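Subject: Handover of a structure for your review

Dear colleague,

Please find below the structure that I am handing over to you.

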Amino acid sequence: MHYQKLSSTRACAAWSRADVRCRGVAEIEAIFCAVVLALLMLMGIGALKIAGTRMTTQNAAIYESFKDSTNRPSPTLEGDSLLTPIDGTTTVRPGLPNRTHVSRQETHLNVNVDAGQTIPAVIQALAGTIGPQLSYGAYPNLDDREDGEKNVKDWFNAYVEESHSEVIDPLGLAPAWSP
Amino acid sequence: MKSQQRRASDSRCGGGEVWAFFAGRLRCGARAVHRDERGAIGFLVLFIMFALLGLMAMVWNTGDLATKRQQIQNAADADAHAAEIWTARTANLLSATNMLICENGSAEAIYRSVKPTADSIGNELINERNRANRALTRIANQRASANLFGYPSAAYKGLVLDLKERCLQEVLRSLPLQQSILNEFIARTSPALMTTQADDFAQRRDQMFQYQVEIHRITPEVVNEQRAAMADFYKVQLTHALPKTPGSDSGDPTVNAPVKRIGGTDAVDIEQPLGQDEELNHPGVTVEKVNVAGYDVFGGTWGGILCPPLRRYFYDRNWRDIGQGRSDSLYEILKRIDDERDRLALVMDAICADPGGVPAALAGAYPQARQEIGVMGFDDRNYPGFGPLLPGQSRGGYTTGHMATGTYVNIVYSFRDQILGDLGRRPIFMMATYDRYNVPDWAKSGVYNSAKNYVYNDIYSREWFRLAEIKWQELWRARNPVGNPSMDTRRWTAQDFADWATALAWAQPIAQQGCTMIAEQAAQEWIDRKWPYEMKPPITEVPPTQGFSQEERHTYFTLITGAKTNETYKPRLATLSGIKGAPMVALTQAEVFNWMEFNGGYGASDRYDVWAPPEPWRLSTIGGWNWNSRLTTFVSPAENDAGKLTAEALSEAIQNNPQLQQMLESVGITGNDADALSKVIQH
């Protein structure tokens, strides 16, 4: 009935010009609302996704770096002013290599972004502060980080070399008993 | 009709008086609005938009708080992990440099032994050559003499002298060869003696020790620097707490590696000079003597320990340096001298072997000649420097009667113990768990039996033969009242052998009884006293493996980090989030751990009832540089025992550290409310 009234010429003439301008506004507003709401929803979903990914990334990075620190003696970062090697571990023995901290410019991780999906990621600079295990290991390190056991042996042997290398062969001493 | 009424009503709206005009307009406007349906959807949309935006803001706010909470937990985790990484690294470095110091000390022991060894062996060879020449002269004189003392007939005597002469000529042929091997030893070692001075070793050890001191000194500074960097990055405050170490209002307790000096106290005070006999020299159990049937059976001292973990590594290392580490060791050179002397023994055996077909009256000449040449000690089976071999005895390993290697090993051992004493008097670092503990109850009977057997076996042979010698001399004096020969210079006759057998039979039960009494006394004191262990002995039986106790973890290895935001957060969905306007606080518990803790190869499976003296667990040495950091999980105290213990550690940390207390109080947590604490602990 109301629809018929709106659509009849007679009834329309009884309305003011403002009344005429309002016709169809509801539909427009509904369409507008739907668009805005859809946009907001998409933004919300995107935000949730980004937040989740960020947390997963961080966890994955910490997990990877923890693996790094427990399975390998590799520190992974260097070059950031916040992460310079602490003085003392190197300057105590001037002229000797830095035996406690040689870190990487960057580290490459496979980061979980979704169930079963990973993307390669490169962690640099301040990431070392987020996860200190990214930049420091519990073991002495040398440049070649591919073989942690070798690094430790090299570190040990360097000290033996300094200590009594000149008598090892003449006295027939056993090789350095590195761990 | 309705339209006419509306217009009539509207016409009334144009009244004459001012107040009536405005009142009328208001009434008319309200009625018009009330009647007008235009723009209704617009209001609805505005309202919905407003509500949705508000809702989204609250959701955003809650998400933001969740992110912040994650972030502050990350800050606490990162800081705790970082601090423990540094302490683990320091422990690893100190442990590794301890081993390096041991390697240096072992090298010094070998170095210092070289010249005395060469001198001693050289003198022995000269001495043997002189003895052999004198013996040949004596044989010539005996041939010229008609005296048959000790020989049944002239033919018998002549045969013995002939055999001895041939043996001595073999000795004189062998000695230059032995000397040439010794010259090789001297040539091999002379570069070391020329390039290095004896004091150089100690000087290098001092350098390593200074390195240790410096590493240890800077560790708390590094931990604090890192904490400051992280606090700046995360925009939070970070505090450290140790369960067993009190902090103060002005600062946190010092976080450092779980080490202390040998012989030191629980406090890590590396500047404190170390006393000469502080705990390093664990005196053994001494039982001087017991009297059995009027004869003294002498005991001795057992179980004296110099710094067990380090000593074990040092001894092991020295053992390898002596000869196990490489095929061209000095030991192998000297072993060639001993091999030559073994060959000499075989040659003399062959010379003195009964060829068969010898008249019965002369048959005894062959073993007698071998016996008489044997006691002169030219061959290693009878080398007097380490005592003659007795029936049933064998020489194996390094502490043998072999002249060259035995001399070398004994001299090295002498310097080794001297240097170990020197190491002990220096403040070398050791793990803090090193302390004195009683043998646990479950192990006492095993340790008692082990100790008893150990002491008994160690002294039985010695005392048996000492008593037998006393008895033999008594028997000899009964036959020859004017003489009083020693065992070394005795002239063996058939009667001497008979007396010796009698003396052995007499002495055996006395020695057994006396040694048992001594062994029981020593063993009893052994289990009654405290022993140095790296880790606290477990109260229950441990095999096959055993790690640290929870108490030790909390005492030495646990760190708790508290993080607090600088700002106050007030979530809009307060009723849902349960957090009402306050700073955020997060707690993390971390520990350094030794991943060889359960590895039997590193001493984790050492038992108390297998070896004597009791074996201390040895993470301080080889396993001592396998420390690393890990985060530990807070478990509800109600969940299990581990939960109770972690809760205890947290409780103690809160009680002992005012900084952490204040941090928790700022978010309304006082005391040790487990439920409240669980709100600030995410894992």
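Two strands are taken to pair if DSSP finds at least two bridges between them. Helices (H or I, at least four residues) and strands (E, at least two) are DSSP runs, numbered from the N terminus. This is a predicted model, in which local features need pLDDT of at least 70 and side-chain atom pairs count only at pLDDT 80 or more, whereas totals for chains, interfaces and linings use all residues. Residues are numbered from 1 along each chain as its sequence is written, and chains are lettered from A and ligands numbered from 1 in the order in which they are written.

The sheet in chain B

Four strands of chain B form an open sheet in the order 1-10-11-12, with antiparallel pairing. Strand 1 (236–241) and strand 12 (627–632) are its edges, each pairing on one side only. On average, neighbouring strands are turned by 25° against each other, direction ignored; here axes are lines fitted to C-alpha atoms, for helices over the stretch in contact, and angles run from 0 to 180 degrees between N-to-C directions.

Strand 10 (residues 558–565) and strand 11 (residues 585–594) of chain B are joined in the antiparallel sense over 7 bridges. Within this pair, Ala563(B) stands opposite Ala586(B), and Gly562(B) has Leu587(B) as its bridge partner. Helix 16 (residues 658–665) of chain B packs on the sheet and touches strand 1, strand 10 and strand 11; its direction makes about 135° with that of strand 1. Contact means that the C-beta atoms of two residues, placed from the backbone, lie within 7 Å. Strand 11 and strand 12 of chain B run antiparallel and are joined by 6 bridges, with Asn628(B) in strand 12 as the partner of Phe593(B).

A residue is called buried if 20 or more other C-beta atoms lie within 10 Å of its own, exposed if 12 or fewer, and partly exposed in between, with C-beta atoms placed from the backbone. Because 10 of the 10 residues of strand 11 of chain B are buried, this strand is largely enclosed by the rest of the structure. Val585(B), Leu587(B), Gln589(B), Glu591(B) and Phe593(B) point one way from strand 11, and Ala586(B), Thr588(B), Ala590(B), Val592(B) and Asn594(B) the other way.

Nonpolar cores

A nonpolar core is a set of buried Ala, Val, Leu, Ile, Met, Phe, Trp, Tyr and Cys residues joined through C-beta atoms within 7 Å. The largest has 113 residues, and Leu171(A) and Ala75(B) have the most contacts inside it. Helix 3 (residues 40–144) of chain B gives the most to this core, with 27 residues. A second, separate core of 28 residues includes Val287(B), Trp302(B), Tyr448(B) and Trp531(B). Residues touched by Leu171(A) include Ala107(B), Ile110(B), Tyr111(B) and Leu330(B), not counting residues up to four places away in sequence.

Chain A

Chain A has 6 helices and 2 strands, in the sequence pattern α-α-α-α-β-β-α-α. Of its 179 residues, 28% count as buried.

Local backbone features of chain B

A kink of about 35° lies at Thr219(B) in helix 5, shortly before Pro220(B); the bend at a residue is the angle between axes fitted to the seven residues ending there and the seven starting there. Just after helix 5 of chain B, Lys235(B) takes a positive phi of about 60°. Ala293(B), in the loop between strand 4 (285–292) and strand 5 (295–302) of chain B, has a positive phi near 55°. Ala293(B) is exposed, with 11 other C-beta atoms within 10 Å.

Yours sincerely
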